[in-house]
Amino acid sequence: MDYSKLSVTTIQAAKIAWDLFSIKGTAKVLPGELDFNFKITGTNGDDYILKISRPDENESYLNFQQEILQHLSLNAKDLITPKVITDFKGNSISEFEDDYGQFRKVRLLSWIQGRVWSGVNPQLDDLRYSLGVQCGKLAKALQGFKHPEANRDFEWDVAQGAWTDKHVDLFTDEEKEILTYFQYTFKLAQPAYSTLRKAVMHNDANDNNIIVTASLVAPTVVSAIDYGDAVYTQIINDLAITCAYAIMHHNDPLQAALPIVKGYHENFALTPEELAHLYMCIAMRLVISVTKSAINKITEPDNTYLLISEAPAWELLKKWRHQSADFAYYSFREACGFNSHPKEKEFNIWANSKNSNLSQLFPTIQKNQVHHIDLSVSSKWLGHESEFNDLVLFQYKLDKLQREHPDDILAGGYLEPRSFYTASSFEKIGNHGRENRTIHLGIDFWLSSNTPIHTILEGEVVTSIYDNSPKNYGGLLILKHNEGDLVFYTLYGHLSKSSITKLKTGDHLKVGDHIGTLGESVENANWAPHLHFQVMLSMLDYKFDFPGVTYFNQKEVWQGICPNPMLLFKYTGNQVNSEIPNDELIYYRKNHLGKSLSLQYKVPIKMVRGSGQYLLDQYGRKYLDTVNNVAHVGHEHINVVKAGQQQMALINTNSRYLHDNINELAKELLESLPKELSVLHFVNSGSEANELAIRMVKAVTNEKDIIASEVGYHGNSNMCIDISSYKFDGKGGKGAPEHTHIFPLPDSFRGKYKGENTGELYAKEVQKQIDIVQSKGRGIGALIVEPIISCGGQIELPEGFLQKAYQYIRAAGGLCISDEVQVGCGRLGKTFWGFQLHNVIPDIITIGKPLGNGHPLAAVVCTPEVAEKFANGMEYFNTFGGNPVSCAIGAEVLRTIKRERLQDLALEIGEYLKIELQKLAIEFQIIGDVRGQGLFLGFELVDIENNPLGQHADYLANRMKDHGILMSTDGPDHNVLKIKPPLVFSKENAKELIFYLKKILTEDFMITY
Ligand SMILES: Cc1ncc(COP(=O)(O)O)c(C=O)c1O
C-alpha cells in the first residue's frame, strides 16, 4: 500500500485524542513498525500513547493486545505496564475515518515515564541485568494467558523463522553463508526445540520498546511496552529476542548477554534444555530481522523504521557466527547457576572412582607427591618479570627448588592468574577495554626435557600438532577418551617435536603407552621444559589447538569445561589460592588502619605487580597508569630494582660512614642543576624535604613568615601542613596559621585574574602578602611554590610571574623555594627542573617522588650561602636519608632518565597528547581548559558558565578505570583530570587514552550538565 496514504499528521493525532478520548493535548510522532504511534502530552498533566492501526488491521489482533495489558494490570502488580484508556463510549478499541475514507482502529494507552533503551549510553551490565529481571517477571506474569490470536502465523516469531530461507538470494555470498548456517542449525534442532515449553510471550523487547529510569549513572529498566508482537511460542524465544537487541554494539556480545540471562532466570526459571537453544534462537531472530530489512527495502523504501537495526544486526550476526555455540551454552548455564558443563558432576564421580597416579604419567620419575610452585601474578618466587623471561635464570631457580624438594614433582597452576602471557594472541578488546588471558587452565609439571610421558587412560589422538611460535605449546597432543557415556579429552602441551611426528590423528593408545617426551626450550615455544596437562569435557570448536589460558571474567565457565586435572590423581591439594579477597582487606583496613587513609575509586583495586606504564591486579588485569609520576622511569624498572637489590645485599647504613653511593647520587643530581645550586641534603620524603627547607629558611633569615600559593600542597608533616592551603583550607582544616600568607591561585583560566598577561598581577598579590607581614613589623622567611601547581589542578604559572615574585621576595629579604617534588627530573620535557621553565634560580629546591622511582628518597638542594648559614653548629642527622640503598636507587633513576632519553620522550609524547586533548576540548564543550607541560598535563571540566564539574570528573575517572585506565582528579573543585604517567608512556598509550576518553565523554552523564 502507498505509504503516504497511510501516514497520520500530528494535528490529526491530537484531534483524535480529543474527539475520541476527550484528552486535550499536543501530539509528537513516535517510531513504529506497523502502527502509527504518537505521544500525546495532555493538558491534564498526563501523557499518553496513541496508536493508530493500518486500515486493514484485524480487530481481534488488537483486542488480543488490549487483553494482555488488562491481564497484566490485574495479575502483575509488581510490574509497570501501559494501562488501557477507553474511549468516550467505554471501548478499549476505538475508530476514526482518515482523509482517504479508510477506517482506522485507534487505541490510547497510559504513557510510561522514562527513557527509551536505544537512547541510553552506556548500557552496562547492571542495566542489562535489570532488563533480564523485568522481562523474566513479565514472562512469569504472562503464564496462563490465552487468546485465539496468540496462535497466529507471524513472521517475527522465532519458531516460525524457517520462512527466511526462501530469501537468501537477496544477500551477498558472505551473508548467505551466515544465514544458511543458522537456518540449517535451526532445522536440525527442530525435534528437540519443538518440544520446549510454550506460552504467550511479549516477544519484542527491542531497544525502542524498553523504558529505562532517568538516572544517568545507574539506570534500570522500568517496563517493556508494545505488545504487538506477542505470540504463543517457545518461552526461550522471548529471552532470545531480548538478548538479540540488547547485545548489539558490543565487542563481546556473549559476555553482554550473560547479565540478561541471569536476571531473566532469577525471575522466571529456565531449564537447561531451553538454554541449549538460546544461542540459535538469538541467531534466528537476527536472521529474521535482516531478511525483513532486505525485503522491506524493496517494498517500503520510505519506511526507515524498518531499517534501524539492519546494520547492527548484521554486525552482531557476523560476530555470533564466530562464537562457539557450545561455549555460549555453557556460559548461559553458568549465568543461571547450573554447572557450566552438563557433564561436570559425572566427570567428578568417574574421576573419583579411578586410581591413577603421577608415576603412571611419568614412569621414569616415580614420584607421586607435588611441591606447589607459585607462578601467580603476585608470586615472590617468580620475582621481577625479567626473571621469568630469562629462561636460563628461570631454569636455574627451578633446578634449585627441585634440589630442595627431591621427593616431589614441581607442579601447579590450575586456575592460577599469571602475568607472563604477553603475546598479542593473549589479548583482545572486550566490552570494557583491553582484556588479557591470564587464568591457567591446566597443571604444569616442571620436569627436565626428554622426560617420557605415558597414557593413564585409553584414548584416541584427535590433535597432534607442532607450533613453535612464541608462547605457544610447541608439540601439542590431545587425546579423546570414552568412558561409558562420558567423553572427555586430555591435553599434553610442550612435547618434543619428535613426539608429534610419531603420533597421528586417529591413532589409538592403550593405558600405559608411551606418548612422547618433554620438549627442549628451543622446540617448545621458548618455555622452560614442562608438561602442560589439561582435561577438557568439550573441544568446543577447536581442532588444532585448545586454549590453556583464559580470561578472568570467563573463569567460572572454563572451570566447568576444564576440571582440575589433579582429580585424575586424587590430588586436589594443588589448587592453592592464597589471595585474600579485597573485601577482607578493606574490612581490616577500616578497623586497623588510620581512618583518614583514603582508597582510590568507588570499587578499590588491589595492585600486586608493576610493569613499565602498567599496574596489574591480583587477577592479572592490566591497568594503564596515567597517575603515578612516582614510578618515573616505569614501574619496577629492572635497573632500578637491581640497583636496590644489589646494594641491599651488601650494606645499608647511615650517612656518617663514607660511601660511594651518596657521592654518586650527588654528582648525578648536580649535573642537572645550575652551578648556584650546589649543596645537597638527602631525606626520605617530599614532606621531609620541605620540612628541612623551612628549617633552613628560619636559620638563614631568622624569620618564620612563609608565603605560599592558594591550594598549594607541600607535605604531611606539621610545618608542611601549616604552609599547605590545600589542606588547611580544605576539609578538616582550620585556615592559615599566623605565619602563613596565601596569595591567590595564579590560575589564568578560572582564577582571580584570567586570560593573557596575568603574571604581573599575580606577582603583585605576592607583594600584597609581603606588605601584610611587614605591616606587622616582621620580615619574610620565604616564598614556596611549585612550578606547576599540581594539587591546584595542574596550574601553569603565568609567564613572568615567578621572576617578579622572586624579585619582590628577595627585595624583602626572603628566600625562594621551588617545590619540585611532583614536576622534577625531566617530566616537563622542555627543562629538567620546573623552575628552569621560568628563568629563575631558587635558593632552595626540594625533590621527592620521582627520585626513588617508588623507593622513599628525597633531597634538598640549596646554594652554598644557605648551606653555610644552616650549618650553625647544630648537627643535621637523618637515620635513613642518604643511605647506600636509597642512593644506589636514586643514582640509577637519574642514569636511566639519561640513558633512555626520558626527558625527550616526555616532551614528544606530552606535546602529542596535549594536542589530542585540545582536539577533544573542541569536540566536547565540557573540557574548558587543557594545560601543563611534557607529561604533566591536566584538563578541566566546566559547564558553559565555567562552573566546575567535579562530579563529572569523578565519573570520568571511574569509567576510565572500568576500561583499564587509571586517572586521578584534583584542583580545589576536584574537576581537573591529571595526567602524569611514568615517562615510558608511549604514543600508543596516548592514543588508547584519547580513544577511551572520547568514548566516555559521549556518555549520558558527561553530556548532561
Ligand atoms: C608538591 C608536593 N610537595 C611535597 C609533597 C610531599 O611529599 P611526600 O608525600 O613524599 O611527603 C607532595 C606530595 O604529594 C607534593 O605533591
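1. Just after helix α20, Asn702 takes a positive phi of about 60°. Helices here are DSSP runs of H or I with at least four residues, strands are runs of E with at least two, and both are numbered from the N terminus. The model is predicted: local features need pLDDT of at least 70 and side-chain atom pairs count only at pLDDT 80 or more, while totals for chains, interfaces and linings use all residues. Residues are numbered from 1 along each chain as its sequence is written, and side-chain values use heavy atoms, with hydrogens and water left out.

2. Helix α20 itself has 16 residues and reaches 22 Å from its first C-alpha to its last, close to the 22 Å expected at 1.5 Å a residue. The expected span is 1.5 Å times one less than the number of residues. Among the buried residues of α20 are Gly686, Ser687, Asn690, Ile694, Val697 and Thr701. Buried means under 20% relative accessible area, exposed over 50%, and partly exposed in between, with a 1.4 Å probe and protein chains only. An α-helix has 3.6 residues a turn, so residues three or four places apart point the same way.

3. Ligand shell. Helix α20 (residues 686–701) gives the most to the shell around the ligand, with 3 residues. The residues around the ligand are Ser685, Gly686, Ser687, Asn690, Tyr713, His714, Gly715, Glu786, Asp819, Val821, Gln822 and Lys849; a residue is near a molecule if one of its heavy atoms lies within 4 Å of it. By class the shell has 2 nonpolar, 7 polar and 3 charged residues. In this scheme Ala, Val, Leu, Ile, Met, Phe, Trp, Tyr, Cys and Pro count as nonpolar, Asp, Glu, Lys and Arg as charged, and the others, Gly among them, as polar.

4. A backbone N or O atom of Gly686 lies 2.8 Å from an oxygen atom of the ligand. For Ser687, an N or O atom in the side chain is 2.4 Å from a ligand oxygen atom. A polar side-chain atom of Gln822 is 2.8 Å from an oxygen atom of the ligand. On its own the ligand has 390 Å² of accessible area, and the protein covers 86% of that. Accessible areas come from the Shrake-Rupley method with a 1.4 Å probe; for residues, only the protein chains shown count as cover.

5. Strand β31 (residues 780–785) has 6 of its 6 residues buried, so it is largely enclosed by the rest of the structure. Strand β29 (residues 705–709) pairs with β31 in the parallel sense over 4 bridges, and Ile707 stands opposite Leu783 in β31. Strand β34 (residues 815–819) also pairs with β31 in the parallel sense, over 4 bridges; here Ile784 stands opposite Ile817 in β34. Two strands pair if DSSP finds at least two bridges between them.

6. Strand β26 (residues 614–617) points Tyr614 and Leu616 one way and Leu615 and Asp617 the other way, and all are buried. Strand β25 (residues 607–611) runs antiparallel to β26, joined by 4 bridges, with Gly610 opposite Leu615. Their hairpin has 2 residues between the strands, and Gly612 takes a positive phi near 60°. Strand β27 (residues 622–625) is joined to β26 by 3 bridges, also antiparallel, and Tyr623 stands opposite Leu615. The β26 and β27 hairpin has 4 residues between the strands, and Gly620 in the turn has a positive phi of about 90°.

7. An open sheet of 8 strands has the order β12-β13-β16-β23-β20-β19-β18-β21, with mixed pairing. Its edge strands, β12 (369–372) and β21 (508–509), each pair on one side only. Within this sheet, β20 (residues 486–495) and β23 (residues 531–536) run antiparallel and are joined by 5 bridges, with Tyr492 opposite Phe533 in β23.

8. Two single residues. Gln65, found in helix α2 (residues 59–75), counts as buried at 3% relative accessibility. Its side chain makes a polar contact of 2.9 Å with the side chain of Arg107. A polar contact is a pair of N or O atoms within 3.5 Å; within protein, one must be able to donate a hydrogen and the other to accept it, and residues adjacent in sequence count only if both atoms are side-chain atoms. Trp163, in the loop between α3 (125–142) and α4 (173–193), is buried, with a relative accessible area of 12%.

9. Overall, the protein chain has 30 helices and 41 strands. Buried residues make up 58% of its 1009 residues.
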